[in-house]
Amino acid sequence: AALGLLAAFGFPEGRDTGWLARLPAEAPVRWAGLCRTYPELDLAALRLSRRLAQDAMAAAQLSWPQDRLGRKQLLSTHGETRGRIAAALAGDAESAEEILASGECLYLRDLAVSGADFPQLRGPEVGRHLQALLAHVLAHPGDNRREVLLRLA
């Protein structure tokens, strides 16, 4: 910023970019930080991989929650990659890694039951039912046992 390089590429001056240097030196995190500073930036227009651009732009829009349940919900909804980037932007990468290493259920694939356990349900009902069970398990990790989830159902 001090050299005027951002202005040379059409970025408005006067925005705080100093905090970007304190981010982990990982491309997705730094690009997400730039997107947070310049929300009008479209990384898809640059010669970045499509996945990197999408992850960085999406993660830049996320706010890393203060509570563990909120963090688990964010990871569950937005995935590990975007969750890790959001945590790094908040300066709290450790808590994301702790949650991911905990082995707690975060995704439908981790539930102790599947759609096959509910043959009475059809179509979108199955997904809604499993999502409700996942929401319960995110708040109550110890309940991710087949017998408990079938009883809750």
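A quick word on the model: it is predicted, so local features need pLDDT of at least 70 and side-chain atom pairs count only at pLDDT 80 or more, while totals for chains, interfaces and linings use all residues. Residues are numbered from 1 along each chain as its sequence is written, and side-chain values use heavy atoms, with hydrogens and water left out.

| Pair | Closest N and O atoms |
|---|---|
| R15 and E40 | 3.0 Å |
| D55 and R82 | 2.8 Å |
| E104 and R68 | 2.3 Å |

E104 lies in the loop between helix 5 (93-101) and helix 6 and R68 in helix 4, so this pair ties together parts that are 36 residues apart in sequence. Helices are DSSP runs (H or I, at least four residues), numbered from the N terminus.

How about burial? Buried means under 20% relative accessible area, exposed over 50%, and partly exposed in between (1.4 Å probe, protein chains only). D55 is buried at 9%, whereas R82 is partly exposed at 23%. D55 sits in helix 3 and R82 in helix 4, so they tie together parts 27 residues apart in sequence.

Helix 4 also meets helix 6: L69, K72, Q73 and S76 touch L134, V137, L138 and A139, where contact means heavy atoms within 4.5 Å.

Key:
Helix = DSSP H or I, 4+ residues; strand = E, 2+ residues; numbered from the N terminus. Salt bridge = Lys/Arg side-chain N within 4 Å of Asp/Glu carboxyl O.
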